[in-house]
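Visitor: Can you walk me through this model? I will ask as I go.

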Amino acid sequence: MNEIWGNESVNAIVWHWPIALYLFLAGLSSGAMMTALSVEWMNPKRKAPWDAFVKAGVLIAPITIIVGLIVLIFDLTKPLNFYQLLIHYNLKSVMSLGVLLLLFYTPLCAIYAILRFRLTLSKSFLWPVMNLFGGVLDFLEKNSLWFGRLVFALAGGVGVYTGFLLSAIQTYPLYNSPILPILFLASGLSSGIAACICFGILLFSEEVSKEKTKYLLTMDLRVIPIESLLLFALFVGLYFQGGDKALVVLSALSEGSWAMIFWVCVVGFSVVIPSVIALTALKNHAYKVNFILLNSISIMLGVFALRMYILYAGQLYLGA
Amino acid sequence: MMKYAMVFNSQKCIGCQSCSIACRSENKVPEGLYRLQVKIQGPKGVFPNLAFDYERFSCQMCENTPCVSVCPTHASFMDENGIVDIDANKCVGCLYCISACPYHARFLNPQTKVPDKCNFCKDTHLKLHGEPACVSVCPTDALVFGDLDNMNDPIYEILSKKNFTRKKEHLGTKPKLFTIPNKKGEIKL
């Protein structure tokens, strides 16, 4: 029926998939950077040649965050006005705080990558530029432990801020939870580890060490139970708040295609498949390249599905 | 300095929708989108004691504004008269305010590419005639517009004598759109 007061389903979905893609890429960047730095710090010498996972991580981090930001800017309804975000700041807005964070994180993360690929870059056509900034790079290299710690902290900030961005919204019960930032940090880390393993093996196979692979696989296997617990706590926490919020949980987990996506893609790809692979094919963390790749691709897909699920289900399931 | 507010008296409303139409024509609201809706529910009760419920959906002009606090560029702001408004020049179109509004009062205007909503006809009817278009056309005086800071304003008297409700008060947004609820009830389980 055409209601005389107008259509009620206007604006059902405010934020679409590019936002989920950005949330995924930002989480991936932060996770990959933290992984790369942890692997680097495991090695007491901290000198070139760098481990494959360090190389993969520092390469993935700036690329994913830059691609993510481009997606985000073009998703604005007024992309040409985006500079307004850089000249006006509202410190009460999580988005503004995020802009500030990314303003430091993105370039520093790119500089860290340049530092780790210094030899390669110096031999390429970019050598005059590399020579020009030689002094700065030497200084950063000398203090790379502290520089790394700063980047690590900023990466952690980027990992949680994407969660706070959504949890600040009271309109959608599924967003409005204090668990969300921690869940996003954990799942971002999980996808970052997976991406480091995957691209480390694919791009820098000669520097791959079995010992580090084993370490990262173990680390990922520890993040997965934490992530599952956080998902569990998110839903149980909302359920115990009762009223509309309890109804949101019940429908978000049982009704419609998004419930299906949750169980198949989120739980299946990021929890069940990696656990099965880890307990069977990779038992005792045996070095089986194909299974390792399959494992990490499954985790990345699952983490992307989680972002999509939270973004859409949050806007669709409102309880009342 | 004023603190503009509005009373929607659902006891006087007859659901004629003239306010909605006045709003559309005054503010050139694009087809299929709304700054203001008055939804009709019912009839409720047992014949012959039937009644309808009328509910106004529009910007609630919160005192504590979720849309203003999430806006990264201060494009969403409260002006000196307490009207929550949007500065199109500062807006980048991130739509954070649309999702942050707990009353779903905002929509994206496809022509301006900027979120749009009721602003008490600030740039149109209020500027020219001293009250919003919806108030001036209401045939039953179900809408009262006024200044909460002025004790001599009629709105002040209504709000100090009548029972009123505000939507989603548990959120602490302190809306300045007050509803005088329907007196007629119905048992519903």
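Guide: What follows is a short tour by question and answer. This is a predicted model, in which local features need pLDDT of at least 70, side-chain atom pairs count only at pLDDT 80 or more, and totals for chains, interfaces and linings use all residues. Residues are numbered from 1 along each chain as its sequence is written, chains are lettered from A and ligands numbered from 1 in the order in which they are written, and side-chain values use heavy atoms, with hydrogens and water left out.

Visitor: Start with strand S8 of chain B. Buried or exposed?

Guide: All 5 of the 5 residues of S8(B), residues 143-147, are buried, so the strand is largely enclosed by the rest of the structure. Buried means under 20% relative accessible area, exposed over 50%, and partly exposed in between, with a 1.4 Å probe and protein chains only. Strands (E, at least two residues) and helices (H or I, at least four) are DSSP runs, numbered from the N terminus.

Visitor: Which residues sit on which side?

Guide: B:Leu143, B:Phe145 and B:Asp147 are on one side, B:Val144 and B:Gly146 on the other. In a regular strand the side chains alternate between the two faces of the sheet.

Visitor: And what does strand S1 of chain B pair with?

Guide: S1(B), residues 4-9, pairs with S8(B) in the antiparallel sense over 5 bridges, and B:Ala5 has B:Gly146 as its bridge partner. S1(B) also runs parallel to strand S9(B), residues 177-180, joined by 4 bridges; there B:Met6 stands opposite B:Leu177. Two strands count as paired if DSSP finds at least two bridges between them.

Visitor: How many residues of S1(B) are buried?

Guide: 6 of its 6. B:Tyr4, B:Met6 and B:Phe8 point one way, and B:Ala5, B:Val7 and B:Asn9 the other.

Visitor: Switching to salt bridges. How many over all chains?

Guide: The search finds 14, a salt bridge being a side-chain nitrogen of Lys or Arg within 4 Å of a carboxyl oxygen of Asp or Glu. One of them joins B:Lys3 and B:Glu63, with the closest N and O atoms 3.4 Å apart. B:Lys3 is in the segment before S1(B), and B:Glu63 is in the loop between strand S3 (51-57) and helix H2 (66-70) of chain B, 60 residues apart.

Visitor: What about B:Arg35 and B:Asp116?

Guide: Their side chains meet in a salt bridge at 2.9 Å, N to O. B:Arg35 lies in the loop between helix H1 (18-27) and strand S2 (37-44), and B:Asp116 in strand S7 (residues 114-116), all in chain B, so the pair ties together parts 81 residues apart in sequence. Both residues are buried.

Visitor: Which residues of chain A are linked in a network?

Guide: A:Glu40, A:Arg116 and A:Glu141 are linked by salt bridges.

Visitor: While on chain A, how long is helix H9?

Guide: H9(A), residues 179-203, has 25 residues and reaches 35 Å from its first C-alpha to its last, close to the 36 Å expected. The expected span is 1.5 Å times one less than the number of residues. Of the 25 residues, 19 are buried.

Visitor: Back to chain B: what does B:Glu80 touch?

Guide: Leaving aside neighbours within four places in sequence, B:Glu80 is in contact (heavy atoms within 4.5 Å) with B:Met1 and B:Met2. The C-alpha atoms of B:Glu80 and B:Met1 are separated by 6.1 Å. B:Glu80 counts as exposed, at 52% relative accessibility.
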